[in-house]
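Morning, everyone. I have one structure to show today. Here it is on the screen.

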Amino acid sequence: MVPPYPTSFLPLPQAQFHVLVTLTHGDRHGYAIMQAVEESSDGVVRMGPATLYGTLKRLVDQGLAQELARRPATDDDARRRYYQLTGLGQRVCAAEADRLARLVRVARTNLRPGLA
Amino acid sequence: MANQYRLYRSLTRLYPSSFRREYRDDLVQHFADLAADRGLRAAWIRSGLDLAITVPRYHLERLMTEPHSNIALNIAGGLLVAGGLATTLIDSWVGLVLLAAGLGLMATQRSALARALRVPDSSRRRDRLRTAAVLAGIFVTSYATFLLTVGDTWSSSDTILALVGTPAMFGAVGFLLAGLLTPRGPASDPLADPAC
């Protein structure tokens with residue numbers, strides 16, 4: 001099977017990128033991912049339950065994230081499913097971050113030429 | 001509180017069965033976490049809005065990506081053929097177009113080309129839909145020009161417009177179907193070594 005090329009996933013939908021960025025901090029379950037996304041976006045991005053799990057499903061289907069068989073925290077609810085980034089997910093996340101960084105650089109140059 | 005969870009749980013029946021089977025417990029757990037953290041009202045506002053947006057979206061995605069799409073496309077093709085036959089009695093031109101679109105859809109559905117089209121590739125999907133939009137624009141422009149300039153006799157400019165507009169119309173339908181049949185997904189890496 002031909003391995004997918006990271007840039008072929010770009011541009012990532014906003015929700016997918018937020019979830020991938022959250023998973024770069026470590027393995028998390030769905031509700032913790034939602035909280036982290038809200039926190040990292042200063043409350044701007046608020047994901048509903050089905051949006052979140054639909055996004056996770058897509059990431060898992062594409063091989064960018066995977067469900068953990070074990071539970072990281074022993075005292076946590078056993079029913080919760082934890083997710084982690086795959087190697088491909090990390091590369092795609094990095095590629096999207098680079099793409100956005102270039103875009104931000106252009107925007108800053110165009111909007112504030114003196115400060116660039 | 002338990003009633004509210006039960007109500008939300010029963011509302012998750014609205015999702016496609018594959019999604020529901022896999023994530024129903026997670027959705028209800030998520031709703032319960034939201035209610036515990038931020039109150040029942042906030043949980044309903046967020047989950048209710050989310051439900052209203054994602055239910056139609058996930059059904060549409062399922063229709064376009066799962067084998068069920070075969071059934072949906074066959075039904076659409078059958079309806080177009082039936083509509084085309086019925087409309088031929090009133091307006092032969094519109095009826096023939098509908099008939100051709102229906103037969104084209106059904107043929108495309110069964111052909112090897114259809115199987116090839118279903119290889120997930122987001123960029124090809126975009127290209128095909130963009131081409132369909134351009135061809136549709138050409139068709140609309142030529143048809144509008146034809147309507148504005150048509151006289152009592154058939155002129156050479158009418159012939160030119162028909163020669164441009166008709167293929168553009170069929171091309172637009174073809175590329176639109178091709179684009180819609182192409183599932184979203186990553187393109188293969190052309191530089192990657194298949195042996196890896």
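This is a predicted model: local features need pLDDT of at least 70, side-chain atom pairs count only at pLDDT 80 or more; totals for chains, interfaces and linings use all residues.

Residues are numbered from 1 along each chain as written, chains are lettered from A and ligands numbered from 1 in written order, and side-chain values use heavy atoms, without hydrogens or water.

Backbone first. Most peptide bonds are trans, and most residues other than glycine have a negative phi. A:L10 and A:P11 are joined by a cis bond, omega about -5°. A:P11 sits in the segment before α1 (14–23) of chain A. Helices here are DSSP runs of H or I, at least four residues; strands are runs of E, at least two. Next, A:D42: its phi is positive, near 55°. A:D42 is in the loop between α2 (30–40) and α3 (49–61) of chain A. A:D42 is exposed, at 70% relative accessible area. Exposed means over 50%, buried under 20%, with a 1.4 Å probe and protein chains only.

Now α1(A). Of its 10 residues, 7 are buried, so the helix is largely enclosed by the rest of the structure. Among them are A:F17, A:V19 and A:L20. The cover includes α2, α3 and α4 (87–111) of chain A.

Last, α2(A) and α3(A). Their axes, lines fitted to C-alpha atoms over the stretch in contact, come within 10 Å and cross at roughly 105°. That makes the pair roughly perpendicular, a label for 65 to 115 degrees. A:G30, A:Y31, A:I33 and A:M34 in α2(A) meet A:L52, A:Y53 and A:L56 in α3(A); contact means heavy atoms within 4.5 Å.

Conventions. Axes are lines fitted to C-alpha atoms, for helices over the stretch in contact, and angles run from 0 to 180 degrees between N-to-C directions. Angles under 35 degrees count as roughly parallel, over 145 as roughly antiparallel, 65 to 115 as roughly perpendicular and the rest as oblique.
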